[in-house]
Each structure stands twice: as C-alpha cells, then as structure tokens.
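These are my notes from an afternoon of looking things up in one structure. I jotted them down in the order in which I got to them.

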Amino acid sequence: MDDSARQHSGERISGAVGTPIPHDSAHLHVSGAALYTDDLPEPRGLLHAAVGLSPVAHARIAALDLGEVLQAPGVVDAMTADDIPGKNNCGPVVADDPVLAPGVVEYAGQAVFAVAAESVEAARKAVHLAKVSYEELKPIIDPVEAVAASSFVLPSEVIERGDSRKAIDAAAHRLQGRVSLGGQDQFYLEGQIAMALPREDGDLFVYSSTQHPGEVQHLVAEAIGRSSKDVVVECRRMGGAFGGKESQPALIACIASLLAHKTGRPCKLRLDRDVDMLMTGKRHDFVIDYEVGFDDDGLISGIRFEFAARCGMSADLSGAINDRTMFHCDNAYFLENISIVSHRCKTNTVSNTAFRGFGGPQGMFAIEHVIDDIARYLSRNPLDVRKRNFYGKTTRNVTQYQQTIEDNIIEDVVTQVESSSDYAARYAAVRAFNADSALLKKGIALTPVKFGISFTATHLNQAGALLHVYTDGTVHINHGGTEMGQGLFTKVAQVVAEELQIDIDRIKITASDTSKVPNASATAASAGADLNGKAAQAAAQTVKRRLIQFAAEHFNVEPSAVRFENNEVLVGGQAIGFAELVHLAWFARTSLSATGFYKTPKINYDRSTFSGRPFYYYAYGAAVSEVIVDTLTGEHRLLRVDIVHDCGKSLNPAIDLGQIEGGFIQGAGWLTTEELWWNEKGELKTHAPSTYKIPVCSDVPEEFHVTILESQANREETIHRSKAVGEPPLMLSLSVFHALRDAVASVSNYQVLPGLNAPATPESVLRAIDGQRAAG
C-alpha cells in the first residue's frame with residue numbers, strides 16, 4: 001500500500017510509539033550478522049594485547065622482570081605503570097584505581113603489566129613468562145572484617161528519621177538479626193573488549209564495548225597525556241552489559257590505547273571469560289544487620305539497619321551504589337522511625353561496581369527480609385504484614401530521604417497480581433501440600449517493588465541528540481545512549497517516527513560516538529529512554545518547526561494549518577509527501593539538521609543531608625512465585641511466576657515484556673544459583689561457567705505469566721508518559737527467595753525463623769533446613 005492509500009485508509013505509520021515492533025537488530029542477532037567490537041574489520045598491523053595479573057590479593061611488587069616476555073615469539077612491546085605517559089588512573093569518581101599496579105597490588109587479578117603481540121595466542125602465552133616477586137601483605141577479604149578494622153573506600157554514611165531507638169524499645173515486639181547477601185557477576189555474553197586505532201598527530205579512535213563512551217574518552221585521554229578532543233570513542237552495540245560496562249571498560253580501553261599510543265600501531269584487547277571475571281567488578285555483596293520493633297499486626301514502629309558492603313580495593317561507583325541502597329531499604333513501606341548506617345568497606349578483592357539495580361536490590365532485600373521475619377514471628381500471612389506497612393497516598397507518604405511519593409499505585413498493582421495469580425487459594429494449597437508431604441516442600445510469596453527513577457547524582461540527568469534529515473526524506477539520529485540489547489535504539493527511533501510521522505524504516509540510529517554527542521551520561525539508572533528519547537524528540541521538533549515554517553511561507557498558509565500525518569504533510573487542503581516537502585525545504589536553504597537536549601525536571605537533592613527529590617518518579621511492580629524444595633538435597637525448582645509490572649504508557653510493549661522477563665530471571669539467578677566464592681587468600685575460585693552458574697532455559701518456570709499494567713500513564717511528563725523498565729523488574733525476583741524461605745520454614749511447621757542466606761543454592765537451602773530440624 002502506498003503512502004497516499006494508507007493515509008486515506010486511516011492507518012498509522014509503521015513503528016509508531018506504543019506498537020510492539022521487534023528490536024531493530026533482531027534479524028542481525030539471530031542471523032549472526034550483528035557486528036560487535038570483535039567482529040569489526042581488523043586494520044593492517046593490528047596488535048593483540050594481554051594482561052599480566054597479580055596472583056596475590058595484597059602485596060608489594062619487589063621485582064618485575066619482563067625480559068623473557070619481550071623475547072617471546074611474536075611480542076612487539078610491553079608496558080608497566082612506569083611507562084604510562086599520563087595519569088595512571090581509571091577510577092570514574094575517585095582517582096584511586098590504577099590502570100597498572102604502581103608497586104602495590106590490592107587484589108588477586110589486578111593488572112600489573114600488559115603485552116602487545118602479533119597474535120592473541122602469542123600475547124597470552126607471553127604474560128606467563130614474566131618474573132615477578134611479591135612481598136605479601138595481610139589481606140582483608142570480608143566486609144565484617146573490614147568494619148572491625150575501619151577499612152573503608154569512602155566514609156560511612158547515616159540517614160536518620162525520628163527516634164528509632166525509642167520506638168523499638170517501646171514496641172510490643174522486637175526482633176534482630178543478620179543476613180548475608182551475595183554478589184553477582186554480570187556475565188555478559190560479549191566480554192570486555194576495546195580496539196584502539198592511532199590517527200594522525202597522536203589522536204586515537206577507540207572502539208569500546210561500553211555503556212559510557214564519554215567516560216572512556218576522558219580517561220583514555222588522561223592516560224595517554226592528551227585532552228578529550230584528541231580521542232574519539234564509538235560503540236554501536238554491546239552483547240550485554242548489565243552495569244558491568246559502565247565504569248569497567250575504561251580499564252580495558254586504557255590498556256589498549258596506551259599500547260597503541262606507545263607502539264604507533266592499532267591494538268585490540270579482548271579478555272577471555274576467566275580473566276574477565278577475575279579482573280572486573282561485580283554486584284556488591286552485603287552483610288546486613290537489623291533491629292525492628294512492631295505491634296501485634298506487624299506494623300513497624302522503629303527499625304535500624306547496618307549495611308556492610310564489600311566494595312573492593314577502590315571506590316569505583318560504590319558511593320552512589322550504597323546511597324541507593326539507603327534510599328531503597330524502605331521498598332514500598334513507610335518507616336516512620338528509621339536509622340540507616342552504610343559502610344563502604346575496602347577489601348583486597350576486585351572493586352565492585354554497577355549491576356542492574358545499582359544498590360537498590362540490596363536495600364529491598366533487607367526490608368523484605370525483615371517483613372518476612374515479622375510475619376513468621378507473628379504467625380501471619382506475610383502479604384498481610386506487607387500491606388499493613390505500605391506507603392499511603394495522602395498520609396504516611398514521605399520517604400526517609402524526605403521525598404513525597406506522589407504516584408503511589410502499589411496497592412493497585414498488588415491487588416491485581418493477588419487476584420490474577422489466585423494467591424489466597426494457592427497459599428492455602430501450599431500449606432495443605434506441605435502437611436501431607438514429608439520430603440518435598442512447597443513455598444509461595446508475593447513481594448512488591450517501588451523503584452526510584454533518575455541518577456541520584458543530579459548532574460547526570462541530561463542527554464543530547466543529533467538529527468539529520470536527508471533530501472530523500474530519510475533520517476539519521478545519533479544520541480548519547482548506548483545499545484546493549486535492551487532496545488533503546490528501537491524506542492528512540494519510534495519516538496522520532498512518531499514526531500515526524502514517518503515510517504520507522506526511514507530512520508536509522510547510528511553508533512554512539514563522542515564526536516557527535518559530547519559529554520553524555522552513562523546509559524544506566526534505567527533512564528536511557530527517558531533521557532535520550534526526550535533529547536531525540538527535541539531535535540525532531542526543531543526540524544519539524546522549520547519545516548512547518550517553510551511550508552506555511554511556501555504555500556501561503558498559517559503555520560497552524562500545517563500538520564504531519566502518516567508520511568505526509570497536510571498543508572491547508574492539500575497533501576504533500578514528507579520527502580517532497582523536505583526536498584523543497586532543502587532547495588529553499590532550510591536547515592535540516594538539529595541538536596536536541598533534555599534535562600530531567602523537578603529533581604533536587606542535597607547529598608550532605610541525604611534529602612530532597614532524587615527521583616523524578618517511581619516504577620512499581622509485584623510478583624508471586626511458587627517453588628518446590630527437596631529437603632534431602634536442598635535442590636529446588638521454580639514452578640510458577642505471576643507478575644504485574646508498571647511501564648506507564650509503554651513505548652514498545654514487546655521490548656518491555658522482554659525486559660520484565662529477563663530482569664526477573666536474572667534476579668532469580670542472583671538469589672539462587674550465582675555464587676561468588678573467595679578463599680581465605682582472597683582468590684576468586686568461581687570465575688568460569690564450570691563453577692559460576694547463571695540461569696539457563698530449564699530454570700524458567702513452566703508457568704510464567706507477565707502482565708504490563710494497563711491504563712496507568714506516568715503522571716510525570718516523561719517521553720510519551722512511559723516509565724523506565726530496565727532495572728525495576730529484577731527486584732521482582734525477591735519473591736523467589738521468599739518462596740524458598742516459606743518452603744524451608746515448613747520443615748518446622750512454620751515455628752522457626754528460617755536462617756537462609758542468599759544466594760539460596762542447594763547447599764544454602766540444605767543448611768537452613770538442617771537449622772529448622774535442629775531448632776524444631
């Protein structure tokens with residue numbers, strides 16, 4: 001059907017906002033034609049890099065001899081910290097994270113030197129020929145040990161509201177406890193990689209698999225002793241990131257760039273999986289202490305949290321991550337009297353970093369654990385206790401950081417999933433099953449999510465875009481966001497298609513490039529579509545206004561008589577094709593290129609007092625999970641999941657559905673199968689798929705019901721009233737952990753609080769079951 005026929009038939013443009021079109025690269029993904037950094041054509045003279053890692057967690061480098069390395073077949077050059085011409089730092093916030101260890105190593109897996117060779121194999125073999133002597137120092141591995149030693153990467157922080165001590169002491173009931181919560185490796189399918197190409201006059205062009213090209217640009221420039229104008233960083237797509245490519249790629253890009261700068265030849269550094277897991281940061285693991293006071297109905301009157309996070313050897317992004325933990329340890333609950341202490345522990349382990357949720361999941365884990373303990377102590381249905389503590393809409397609606405919640409729909413979400421999942425009947429059925437089953441035990445749980453959307457660092461809530469309209473009516477759009485499989489490029493293209501009223505196949509979004517959109521924030525905090533969608537819309541609106549003005553003058557009508565609709569522009573009583581109008585406008589010397597800019601409104605936040613409005617809005621969701629556990633082995637299976645999740649007015653329901661499903665399963669892996677284990681020497685021993693288990697297809701429940709909440713437009717003026725969907729669904733997986741707690745508790749006929757730590761591996765579950773039997 002041609003454009004004119006479609007217009008008169010009343011059809012919409014293809015790819016309009018709100019339509020469930022496929023990911024723009026889906027056909028490339030499934031055919032193997034999508035180009036990732038390692039797939040790009042290799043330039044003539046390319047060198048391949050490898051990194052020599054420290055085998056010890058804490059030591060002084062007594063001697064470093066690379067003589068045999070340099071004599072190895074195929075080796076062209078090598079470098080140590082002494083060879084770095086600029087700053088030896090890849091820390092994103094604090095300059096405490098060296099590219100190459102400057103005399104002292106602080107974790108097993110830290111980069112000590114780098115080698116450039118004619119092949120990957122030659123480089124990787126050569127690093128093992130180095131002769132390095134270490135004077136070992138005592139390492140600190142555990143966050144509890146770090147607290148005792150006052151070993152911190154950043155000062156501990158406190159948030160207090162009301163008088164928690166007085167409220168707890170006066171409460172009818174009191175509980176206290178400690179729970180351990182493990183970390184998580186991002187395990188992106190495409191590992192860390194960068195390829196640096198020397199340009200004329202000492203400039204560099206860097207291909208980097210990164211969520212933050214701008215940060216890579218700045219840190220590479222500083223490392224080679226140049227300025228940002230001398231370095232361009234490009235990223236077309238990543239094969240997964242999950243936060244692990246926010247700050248971590250700077251280290252990889254700096255090493256590749258330093259070797260390229262030193263040798264004058266292009267250089268690629270691609271980590272294999274073992275080295276990637278040893279060398280790069282993960283989700284922070286926590287030890288959480290709590291004390292709580294509550295009444296007979298489970299209403300919390302006072303609560304105290306103490307969080308000890310293993311941050312590793314440097315600050316990285318731990319400040320903002322732990323701040324968000326403090327902001328989300330309320331989840332969906334009003335905590336009138338609360339004290340939160342957050343320790344950012346320095347340990348001799350790899351610096352932990354961003355991971356989907358960015359500290360929020362750990363905070364939510366803490367309060368959900370407390371709520372569950374309260375319910376079990378009172379012998380009540382945990383859902384009843386959760387509801388009793390929910391935030392209100394007009395009262396009990398101010399967070400511990402003094403933000404008034406104006407968009408509370410948590411009761412609506414929970415009511416819907418409670419009904420659609422038949423929770424009440426299944427809760428009773430689970431208990432009936434457990435009463436008749438000695439060895440197999442079932443558990444069920446419903447948990448809510450309230451997740452704040454925006455970077456807590458206010459200045460990062462900005463985005464830019466660059467839009468070109470060509471004379472044939474096709475469009476190029478470039479923005480500061482990056483594509484990691486989450487569909488951001490598709491959503492932004494839909495926004496531009498909607499604004500210009502042209503089919504989406506007329507639009508191409510080009511690779512993220514620091515020479516096109518400068519100083520962009522990381523694609524993180526679930527804000528990619530919010531920020532970059534608005535910036536792209538602004539650019540499209542600028543060109544559209546120019547076209548309207550031109551059309552009004554050219555056809556002698558009022559601007560209000562010009563309307564864009566379904567690949568045409570209606571001017572007065574006539575219709576003209578979009579491409580035709582564009583060509584006329586170009587011929588009349590009308591600019592068809594524009595930049596767009598957006599900054600998130602309303603947010604304000606004073607970190608010195610931990611108060612203000614750090615979040616533009618909240619995303620909500622709720623999930624019901626049912627599990628079955630073998631009490632002889634601790635093995636367990638997820639039987640059924642029901643989810644209702646709030647996406648506002650979805651930009652693309654198909655992509656959002658995928659994000660909800662994927663986020664949930666990734667969260668379930670964090671809480672059940674993915675165990676990071678260090679020995680007493682500080683050596684990570686789970687650094688490959690053989691020992692580190694991410695969820696696989698067989699872990700997805702046979703019954704998996706996901707509903708996107710209908711008719712709930714975002715009350716804030718986000719892009720087409722949509723809501724962020726990257727991170728919030730991960731925390732729906734807390735329902736899996738609490739379903740497991742429910743199954744474990746049944747071993748003592750629900751009389752003993754289950755001592756289950758996360759991840760709830762079969763071993764952990766079996767230990768908790770043994771604890772139930774011993775206490776019972």
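Entry 1: I started with Glu683, which comes out as partly exposed at 22% relative accessibility. For the record, buried means under 20% relative accessible area, exposed over 50%, and partly exposed in between, using a 1.4 Å probe and protein chains only. The model is a predicted one: local features need pLDDT of at least 70, side-chain atom pairs count only at pLDDT 80 or more, and totals for chains, interfaces and linings use all residues. Residues are numbered from 1 along each chain as its sequence is written, and side-chain values use heavy atoms, with hydrogens and water left out.

Glu683 forms a salt bridge with Lys685, and the closest N and O atoms are 3.4 Å apart. A salt bridge here is a side-chain nitrogen of Lys or Arg within 4 Å of a carboxyl oxygen of Asp or Glu. Lys685 is partly exposed as well, with a relative accessible area of 40%.

I then looked for salt bridges that share partners, and found that they join Asp372, Asp373, Arg376, Arg431, Arg741 and Asp742 into one network.

Entry 2: How many salt bridges does the rule give? I noted a count of 50.

One of these pairs Glu406 with Arg613, with the closest N and O atoms 3.8 Å apart. Glu406 sits in the loop between α12 (382-389) and α13 (410-420) and Arg613 in strand β26 (residues 611-613), so this pair ties together parts that are 207 residues apart in sequence. My labels for helices (H or I, at least four residues) and strands (E, at least two) are DSSP runs, numbered from the N terminus. Glu406 is partly exposed at 40%, whereas Arg613 counts as buried at 15%.

Next I checked Lys491 and Asp656, a salt bridge with its closest N and O atoms 2.6 Å apart. Lys491 is in helix α15 (residues 488-500) and Asp656 in helix α18 (residues 653-672), so I wrote this down as a link between distant parts of the chain, 165 residues apart. Are these two residues buried or exposed? Lys491 is buried, with a relative accessible area of 8%, and Asp656 is buried too, at 1%.

**Entry 3: α18 against α19.** Two packed helices are described by the angle between their axes and the distance between the axes. For α18 and helix α19 (residues 734-745), I got an angle of about 40° and axes 8 Å apart. The axes are lines fitted to C-alpha atoms, for helices over the stretch in contact, and angles run from 0 to 180 degrees between N-to-C directions. That makes α18 oblique to α19, since angles under 35 degrees count as roughly parallel, over 145 as roughly antiparallel, 65 to 115 as roughly perpendicular and the rest as oblique.

I listed who touches whom (contact means heavy atoms within 4.5 Å). From α18 come Phe664, Ala668, Leu671 and Thr672, and from α19 come Leu734, Ser735, Val736, Phe737 and Leu740.

**Entry 4: two buried serines.** Ser314 lies in the loop between β14 (300-312) and α10 (318-328). Ser314 is buried, with 0% relative accessible area. Leaving aside neighbours within four places in sequence, I found Ser314 in contact with Asp96, Asp97, Val153 and Ser351.

Ser521 is in the loop between β20 (512-513) and α16 (528-555), and is buried at 9%. A polar atom of the Ser521 side chain lies 2.6 Å from the backbone oxygen of Leu460. Leaving aside neighbours within four places, contacts of Ser521 include His212, Phe455 and Gly480.

Entry 5: His328 is in helix α10 and buried at 0%. His328 and Phe451 are 123 residues apart in sequence, yet their C-alpha atoms are 7.3 Å apart in space. Not counting residues up to four places away, His328 touches several others, among them Gly360, Met364, Gln400 and Phe615.

My last stop was Pro139, found in the loop between β6 (131-136) and α5 (143-148). Pro139 counts as buried at 19%. The C-alpha atoms of Pro139 and Gln184, 45 residues apart along the chain, are separated by 22 Å.

Note on methods: Polar contact = N/O pair within 3.5 Å; in protein donor to acceptor, adjacent residues only side chain to side chain.
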